Structure formats: structure tokens, C-alpha cells
Amino acid sequence: MSSLAAVGENYQKFNPRAYLQNNYMPPRADFSSDDFVVPWKLRCLAEAFGTGEIHGQTLIDIGSGPTIYQLLSSPDHFEEIIMTDFLEVNRDVLRGWLQAEPGSFDWSPYIKHACTLEGKGEHWKDKERKLRDKVKRVLPIDIHQLKPLGSALTEPADALISTFCLEAASPNYESFQKALENVTTLLKLGGHFLMIGALEESFYLAGEAKLLVVPVTEEDVKGAFTRCGYKIQDFRTYVMPSSLKIGVDDVRGIFFVHAQKKMQT
Ligand SMILES: C[S@@+](CC[C@H](N)C(=O)[O-])C[C@H]1O[C@@H](n2cnc3c(N)ncnc32)[C@H](O)[C@@H]1O
Ligand SMILES: O=S(=O)(c1ccc2c(c1)CN[C@@H](CF)C2)N1CCSCC1
């Protein structure tokens, strides 16, 4: 079995609820200080979208998983948002939240924090409704395919966003780089890519699943984007405090990159 096939097979054991529990619920999800990682992530995204540079018809979220926090500052800037994931279980979890099904994950602390960061006086229920209205499709994706969305997409997008996907779905750095090239085909020339990911992580747990992660450094990430024809507009890192290391992963830090696809290749 190829290493890519092995990654895909291992993901069949991925448990969305366990993943959400491990990463997006207290005590790890702590909003009590701006210096904590979740406020830091939301601030990176709010500030990037707040520049007004990143806008257009379509935004695609690559490897959404069962989460929506990554999109909270985007709805005012795009007509259509497309969410994607490799696993049907995750696409089903997303559809449940989008349709406000009972028992869906409570993202309200994240939505409220995004409203505070943006400082527009927007009520969190309005932001929640706006995001639900803008997400028009939830599609299957495989970043290791030359055409990651197959024939589902006709027009390239104005912007891409991806959080904790490429490094968590690639068995090695070569396939991480190739996956970036593959997803870049989904983006217009001059389009913007916002990515948040794990630094120097080798595994994470999601219920019965132990998923292998290709450990990447800041230089690895910058090099991959540069080799793929991007201009890096902003790059930030967050060092994970030891208090947040509870055994569900071995992440050392988090990166945020805002990159723009050059007009000339
Ligand atoms: C660590 S989770 C990230 C989820 C979410 N974006 C977040 O910020 O928490 C990694 C995601 O990558 C997805 N994935 C795994 N293999 C993939 C592939 N070949 N192509 C696209 N996504 C894949 C998984 O289904 C999972 O949802
Ligand atoms: O936002 S995080 O930095 C975060 C959030 C998600 C993930 C990781 C880290 C690291 N492992 C990833 C596996 F790919 C998933 N965070 C980790 C500390 S507690 C709150 C959640």
C-alpha cells in the first residue's frame, strides 16, 4: 500500500467528536487572555480579512474538517464560501451545523470572540446566520489529486483558506509540497491563500485514530509557498505553552501565513 493510501486508510478511524473535544473545548480552548492560542488564531484571520485586500466571489476552505471557526471573519468579503473535506463524516458534521441541527457543536464562544476582534458591533447571531447563508457547498476533496475537487469546480477561487490540513494529510514533505501545488490550481492568479498549521508536530489523536503528521518548520512552510509561486505577505508563529501539551498531539507551535499567488509563474 502506498504511503498516501495508508494516510487515507488511517483517516477512516477519525472521530470528529473526539477531535473537537481534544482541540476546541475547554480547557484547551481558552479565551481568557489574548495571548492564548485560540484568540491568537482568530486575531490572525480577523486582521487578514480586515485589511480589505482579500475579497471576491468565491472562497474555498481546504480540509475544513468538522470546524467552522476558520471562516468567521470571511463572510463579509465573499459572495460564496465552499467548504471541503476528505471524510464524509466531517462533511455530515458541517452540514449539521449549517442547518442548525440539535446537538451540533457550540461555536458561539468563537463567534462572539470574532465579533469582539472585528469591533463592528455585530451581534454574534448575525455573524452566525451570515456564515450559514454564505456557505453554498460542502464538497469532497483530496489534496493529493492533481484536481483536488475533481470536476466539481469550474472557476478558480478568489481566495483559499486551510487550517491544519496539508501537514496532517501528507506522509512526508515532498507530498506536502505537491499537495500545495495541487490546491494552488484552485486559486486565481493574484489570489490570496491564508493557512494556519502545526509546527513540528508528528502525530495527533482523534478517538481511535492516531494520525501521523509531517513535522514542518517555519522555513519548510515558507519554502513550500515560495517554490509554489507565492509572495508571502505575512508570516506569524505561536509557541505552544507546555500547559497545553496534554497528550492529544505533540505540536510545538502554530504558524499563520498570508500568501498571494504571483501573477506571472
Ligand atoms: C487536523 S484536521 C483539520 C480540521 C480543521 N481544518 C481544523 O482547523 O481543525 C485535518 C483534516 O484533513 C482532512 N484530510 C485528510 N486527508 C485529506 C486529503 N487527502 N485531502 C484533503 N483533506 C484531507 C481530514 O479529513 C481532516 O478533516
Ligand atoms: O488551536 S490549536 O493550536 C490547534 C487546533 C487544532 C490542531 C492543533 C492545534 C494541533 N494538532 C492539529 C492536528 F492536525 C489540530 N489548539 C491547541 C491548543 S488548545 C486549543 C487548540
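Reader: Before we start, which conventions apply here?
Author: Happy to set them out. Residues are numbered from 1 along each chain as its sequence is written, chains are lettered from A and ligands numbered from 1 in the order in which they are written, and side-chain values use heavy atoms, with hydrogens and water left out. Because the model is predicted, local features need pLDDT of at least 70 and side-chain atom pairs count only at pLDDT 80 or more, while totals for chains, interfaces and linings use all residues.

Reader: What is the orientation of helix 3 to helix 5?
Author: Helices (H or I, at least four residues) and strands (E, at least two) are DSSP runs, numbered from the N terminus. Helix 3 covers residues 37-50 and helix 5 covers residues 108-118; they pack at an angle of about 50°, with their axes 10 Å apart. Axes are lines fitted to C-alpha atoms, for helices over the stretch in contact, and angles run from 0 to 180 degrees between N-to-C directions. Angles under 35 degrees count as roughly parallel, over 145 as roughly antiparallel, 65 to 115 as roughly perpendicular and the rest as oblique, so helix 3 is oblique to helix 5.

Reader: How many nonpolar residues are in the contact of helix 3 with helix 5?
Author: Helix 3 brings V38, P39, L42, R43 and A46, and helix 5 brings Y110, H113, L117 and E118 (contact means heavy atoms within 4.5 Å). Ala, Val, Leu, Ile, Met, Phe, Trp, Tyr, Cys and Pro count as nonpolar, Asp, Glu, Lys and Arg as charged, and the others, Gly among them, as polar. On that basis the contact has 1 polar and 2 charged residues, and the nonpolar ones number 6.

Reader: Is H113 buried or exposed?
Author: H113 sits in helix 5 and touches F31, D34, P39 and L42, not counting residues up to four places away in sequence. Buried means under 20% relative accessible area, exposed over 50%, and partly exposed in between (1.4 Å probe, protein chains only). At a relative accessible area of 12%, H113 is therefore buried.

Reader: What is the orientation of helix 5 to helix 6?
Author: In this pair, S108, I111, K112, A114, C115 and E118 of helix 5 meet W124, K127 and E128 of helix 6. Their contact divides into 4 nonpolar, 1 polar and 4 charged residues. The two helices pack at an angle of about 105°, with their axes 9 Å apart. That angle makes helix 5 roughly perpendicular to helix 6.

Reader: Which residues touch the most other members of the largest nonpolar core?
Author: A nonpolar core is a set of buried Ala, Val, Leu, Ile, Met, Phe, Trp, Tyr and Cys residues joined through side-chain atoms within 4.5 Å. In soluble globular proteins, nonpolar side chains tend to be buried together. The largest core here has 53 residues, and those touching the most other members are W107, Y110 and Y204.

Reader: Which residues of helix 4 are buried?
Author: Helix 4 spans residues 88-98, and its buried residues pack against helix 2, strand 2, helix 5, helix 6 and strand 3. D92, also in helix 4, counts as partly exposed because its relative accessibility is 42%. The buried ones are N90, R91, L94, G96, W97 and L98.

Reader: What is the phi of A100?
Author: A100 lies in the loop between helix 4 and helix 5 and is partly exposed, with a relative accessible area of 45%. Most residues other than glycine have a negative phi. A100 is not a glycine, yet its phi is positive, at about 55°.

Reader: What is the handedness of the crossing of helix 8 and helix 9?
Author: The axes of helix 8 (residues 173-184) and helix 9 (residues 218-227) come within 9 Å and cross at roughly 40°. A crossing is left-handed if the near helix is turned anticlockwise from the far one by less than a right angle, and right-handed if clockwise. For helix 8 and helix 9, the crossing is right-handed.
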